[in-house]
Amino acid sequence: MKDSILVINCGSSSLKFAILSNAGQDTLVEGIADRLGTEESSITFKFEGEKKSMLLEDGSHKSAVAHIKDWLSDHPAIARALAGIGHRVVHGGETFSQSVLIDSNVLNGIKECAQFAPLHNPAHIKGIEIAFELFPGLPQVAVFDTAFHQTLAAEQYLYPIPMHFYRQHHFRKYGFHGTSYRYISQRLAQLVARSDQQGVLVAHLGNGASVCAISKGLSVDTSMGITPLEGLMMGTRSGSIDPSLLSFISQAENISADAALDVLNKKSGLLGVSEISNDCRTLEEAMASGDQRAKLALDMFAVRTAKHLASMATTLESIDHLVFTGGIGENSSYLRHVICDHLKALNIRIDSTLNENAPRGGTTSINSATSATKVWIIPTNEELMIALDTISLISH
Ligand code: ADP
């Protein structure tokens with residue numbers, strides 16, 4: 001039976017992939033091609049618990065997809081079951097409010113949205129074009145990070161700037177991590193009957209981090225904006241700051257506005273404050289050995305996350321659930337603890353023992369008995385959503 005989906009997340013210098021079968025429940029093979037565009041690029045396959053890596057001759061995206069095709073010809077049973085390809089696409093603008101089967105119109109639409117995601121969308125287009133070339137005849141689907149947030153009301157998505165910028169240029173909040181939020185909302189509905197009729201806050205905390213308010217299953221507010229720079233402090237991004245800093249930084253360093261923006265995107269956040277690393281685990285280790293800069297960076301991350309969660313709550317009638325997800329949300333008991341400590345005024349309380357002993361990679365609730373809000377750790381699964389959307393669209 002043809003029931004497997006190849007999921008591709010094609011970035012500018014990496015290409016992540018996975019083949020999911022059994023309605024997305026089983027991952028048959030997964031891997032990553034990284035350092036694309038350099039001489040050290042390689043591709044790694046993880047299959048039946050074993051990892052195998054090989055160098056990519058010319059470091060191109062095309063040779064990465066060609067290796068996946070070669071691997072499939074060595075595994076004909078998996079190749080025969082392949083029914084379609086699902087692509088993660090970061091920016092769908094106002095054009096795409098749900099996943100779509102890709103044709104030339106859709107490809108043009110993704111190209112038009114590239115103005116807001118100049119690094120991501122062109123890489124996705126490349127991935128899609130290569131997949132059409134190397135897997136002719138297989139239907140392909142695009143799943144957008146922005147789509148879930150297309151339900152935001154105008155007063156949430158508009159920026160308070162002259163309206164002609166929105167009318168002529170579509171400058172507005174789009175939000176990201178939407179595929180993850182949609183998964184969490186559906187997973188929560190499996191865990192708690194009627195949670196899709198309640199108010200939910202989700203903190204997707206990874207190297208990129210954002211929060212989202214979900215009411216009755218729909219996104220009603222989210223912290224990222226026209227690009228992923230807005231909102232929380234992140235691994236290397238500043239998140240929201242006084243916009244005047246952009247011009248102060250460019251004057252102080254005698255650099256262009258674009259170069260100053262690069263400082264906010266790539267040299268700020270946990271990395272900029274700690275002056276050690278963008279990686280939460282590394283900073284927790286440094287903090288444990290007494291490094292005060294690492295502690296300051298982590299505590300700033302927590303405070304700012306809590307503030308954004310509190311502001312998101314203004315869109316809800318009640319905060320019935322708070323969910324932590326993403327690499328940091330799922331694994332850092334320290335940050336979950338400090339974030340929730342700053343949310344006491346909202347009657348959100350966690351149980352320290354449950355928080356510290358949460359099973360790695362598992363779904364669990366960590367709120368104390370007195371908490372007004374149920375607090376959860378739920379591992380996200382964007383690949384599953386992409387596979388399910390692909391199955392649903394290609395079987396119509
Ligand atoms: P992204 O998908 O945005 O690249 P991830 O969701 O994979 O990021 O999250 C990466 C972050 O999760 C890193 O900062 C990493 O240090 C953190 N992380 C992963 N495991 C742990 C852990 N055990 N303890 C603390 N932080 C962790």
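Me: Which residue in β2 stands opposite I8?
Reply: F17 stands opposite I8. This is a predicted model, where local features need pLDDT of at least 70, side-chain atom pairs count only at pLDDT 80 or more, and totals for chains, interfaces and linings use all residues. Residues are numbered from 1 along each chain as its sequence is written, and side-chain values use heavy atoms, with hydrogens and water left out.

Me: How many bridges join β1 to β2, and which way do they run?
Reply: Six bridges join them, and the two strands run antiparallel. Strand β1 covers residues 4-10. Strands pair if DSSP finds at least two bridges between them. Strands are DSSP runs of E with at least two residues, helices are runs of H or I with at least four, and both are numbered from the N terminus.

Me: And where does β2 go next?
Reply: Strand β2 (residues 15-21) also pairs with β3 (residues 26-34), in the antiparallel sense, over seven bridges. S21 has D26 of β3 as its bridge partner. The hairpin has four residues between the strands. There, N22 takes a positive phi near 55°.

Me: What does β3 join over six bridges?
Reply: That is strand β4 (residues 42-47), running antiparallel to β3. In β4, F47 sits opposite V29.

Me: What is the strand order in the eight-stranded sheet?
Reply: The order is β5-β4-β3-β2-β1-β6-β8-β7. The sheet is open and its pairing is mixed. At the edges are β5 (50-55) and β7 (100-101), each pairing on one side only. Helix α16 (residues 382-394) packs on this sheet and touches β1, β2, β6 (82-89), β7 and β8 (140-144). Contact means heavy atoms within 4.5 Å. The direction of α16 makes about 125° with that of β6. Axes are lines fitted to C-alpha atoms, for helices over the stretch in contact, and angles between N-to-C directions run from 0 to 180 degrees.

Me: Now the six-stranded sheet. What is its order?
Reply: It goes β11-β10-β9-β12-β14-β13, again open. Pairing is mixed there too. The edge strands, β11 (218-222) and β13 (364-365), each pair on one side only.

Me: How many bridges join β9 to β10?
Reply: Seven, between residues 199-205 and residues 209-215, which run antiparallel. H204 has S210 in β10 as its bridge partner.

Me: Which helix lies across β9 and β10?
Reply: Helix α12 (residues 292-312) does, and it also lies across β11 and β12 (321-325). Its direction is about 20° from that of β10.

Me: New topic. Which residues are around the ligand?
Reply: They are G206, N207, G208, D279, C280, R281, E284, G326, G327, I328, N331 and R360. Being near takes a heavy atom within 4 Å. The shell has two nonpolar, six polar and four charged residues.

Me: Which helix gives the largest share of that shell?
Reply: Helix α13 does, with four residues. Both α13 (326-331) and α11 (280-288) supply at least two.

Technical notes. Ala, Val, Leu, Ile, Met, Phe, Trp, Tyr, Cys and Pro count as nonpolar, Asp, Glu, Lys and Arg as charged, and the others, Gly among them, as polar.
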